[in-house]
Amino acid sequence: MSGPVTQSDAAANVADSGHPSAPCVEISESRDGQVGNVQVRRALPRKGRRMVGAWCFADHMGPADVTENSGLDVGPHPHIGLQTLTWLIDGEVLHRDSLGSEQVIKPGQLNLMTSGGAVTHAEEATGHYRGVLEGIQLWVALPESTRHGDGAFEHHVDMPQMDLDGAVATVLVGNFGDLVSPARHDTALVGVDLNMHGPTAVPLNPGWEYGLVVLEGAIELHGRPLPPGKLGYLGRGRDELVLNVAEPTRAILLGGEPFDEPIMMWWNFVARNRAEIDAAYASWSAQDDRFGRVRSNLPLIPAKAPFWQQN
């Protein structure tokens, strides 16, 4: 389940709030939308808060009822300059891409696709799963050193876990405590699934910035509620964060070293300038060889011209 990023998500004429070095609690609304057949809450990017470390996109999808033959139903679409991470807490999804990958993902497993300079993928019903689908898809902006490289795909079945007082932490990517995820990461960052049943003290890196996306339940952050449908941005400067919950709660902790390379996001592309996006859009529209092909029965997703081409 991917994109598209629109002007409503991160308008070009709205300044980003930057990367404050002091701890803070900044709560912003997600945007409700639909991707394929599933409702989503988009926590990143938002006006004034485009990134948390290199994390630049977070869509909480579902919960939604799906069938064997009708699931996400997101047809082939392209990416540049990013990684996609798909993490489910319920249900199953079939991933297909132009690298030849074909992989069903289930709860507790991680799909990670690196676009490099160009990749295409689709997300489909599995042909056998019927029930509830819920999870999150995340994008990571690739640094200059790898964003023009080859595409790649990883599927990880067993993710490292640790017990915290009041929670089980599953490390999706990066380092958390003494645990290291097997998933590739090209910048200093971390993503953690926190399955909480009581107050939880979470260790942090004081030099990194952090954000929280709640999937189920609610967290109290310094006396302020953080339910699903909001992004809790925490700034930098903490070595620990105490999360208070009054009910079973599932949340995703995103953190990382502030990403210093300026990015431009449009549709399913993470680039540095309009020229790069124009070139990617032209290749996708012409269906030339840049993005390859996906073996999928779903129709290709077309792109509207970038807004600056429409003036």
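Let's start inside. Val66, Thr67, Gly71, Leu72, Glu92, Val93, Glu124, Ala125, Thr126, Tyr129 and Leu133 line the second largest cavity. A cavity here is a set of points, on a 1 Å grid over the protein atoms alone, where a 1.4 Å probe fits but cannot get out, and lining residues have an atom within 4 Å of a point.

A word on the source. This is a predicted model, where local features need pLDDT of at least 70, side-chain atom pairs count only at pLDDT 80 or more, and totals for chains, interfaces and linings use all residues. Residues are numbered from 1 along each chain as its sequence is written, and side-chain values use heavy atoms, with hydrogens and water left out.

Back to that cavity. Its volume is about 40 Å³. Volume means the space filled by probe spheres set on the grid points, which are joined across faces, edges and corners. The lining splits into 6 nonpolar, 3 polar and 2 charged residues. For those classes, Ala, Val, Leu, Ile, Met, Phe, Trp, Tyr, Cys and Pro count as nonpolar, Asp, Glu, Lys and Arg as charged, and the others, Gly among them, as polar.

How many cavities of 30 Å³ or more does the structure hold? There are 2. Strands S6 (82-90), S7 (93-97), S9 (110-114) and S10 (119-124) each supply at least two lining residues. S9 gives the largest share, 3 residues. Strands are DSSP runs of E, at least two residues, and helices are runs of H or I, at least four, all numbered from the N terminus.

His121 leads us to His77. The side chains of His77 and His121 make a polar contact of 3.0 Å. A polar contact is a pair of N or O atoms within 3.5 Å; within protein, one must be able to donate a hydrogen and the other to accept it, and residues adjacent in sequence count only if both atoms are side-chain atoms. His77 sits in strand S5 (residues 74-79). A polar atom of the His77 side chain also lies 2.8 Å from the backbone oxygen of Gly75. Is His77 buried or exposed? His77 is buried, at 1% relative accessible area. Buried means under 20%, exposed over 50%, and partly exposed in between, with a 1.4 Å probe and protein chains only.

Next, charges. Side chains of opposite charge can pair when their charged atoms come close. The whole structure has 12 salt bridges. Each one is a side-chain nitrogen of Lys or Arg within 4 Å of a carboxyl oxygen of Asp or Glu. Take Glu29 and Lys230, bridged at 2.3 Å, N to O. Glu29 is in strand S1 (residues 23-29) and Lys230 in strand S21 (residues 230-235), so this pair ties together parts 201 residues apart in sequence.

Arg295 and Glu102 form another salt bridge, at 2.5 Å, N to O. Arg295 lies in the segment after helix H1 (274-286) and Glu102 in strand S8 (residues 102-105), so these linked parts are 193 residues apart in sequence. Arg295 is exposed at 57%. Glu102 is partly exposed at 44%.

Glu144 and Arg147 pair too, with their closest N and O atoms 2.7 Å apart. Glu144 is partly exposed at 39%, whereas Arg147 is buried at 6%. Shared partners also join Arg96, Glu102, Glu124 and Arg295 into one salt-bridge network.

Now the backbone. Which residues does a cis peptide bond join, with omega of about -10°? Leu44 and Pro45. Pro45 is in the loop between strand S3 (38-44) and strand S4 (55-66). The bond from Gly62 to Pro63 is cis as well, with omega near 5°. Pro63 is in S4.

Two non-glycine residues with positive phi follow. Trp267 has phi near 55°. Trp267 lies in the loop between strand S24 (264-266) and strand S25 (269-271), and is buried at 8%. Gln287 has phi of about 50°. Gln287 falls in the segment after H1 and is partly exposed at 23%.

Last stop, Pro160. Pro160 is in the loop between strand S12 (152-156) and strand S13 (161-164). At 18%, Pro160 counts as buried.

Key. 1 Å grid on protein atoms, 1.4 Å probe; cavity = no way out; pocket = protein on both sides within 12 Å on 5 of 7 lines; lining within 4 Å.
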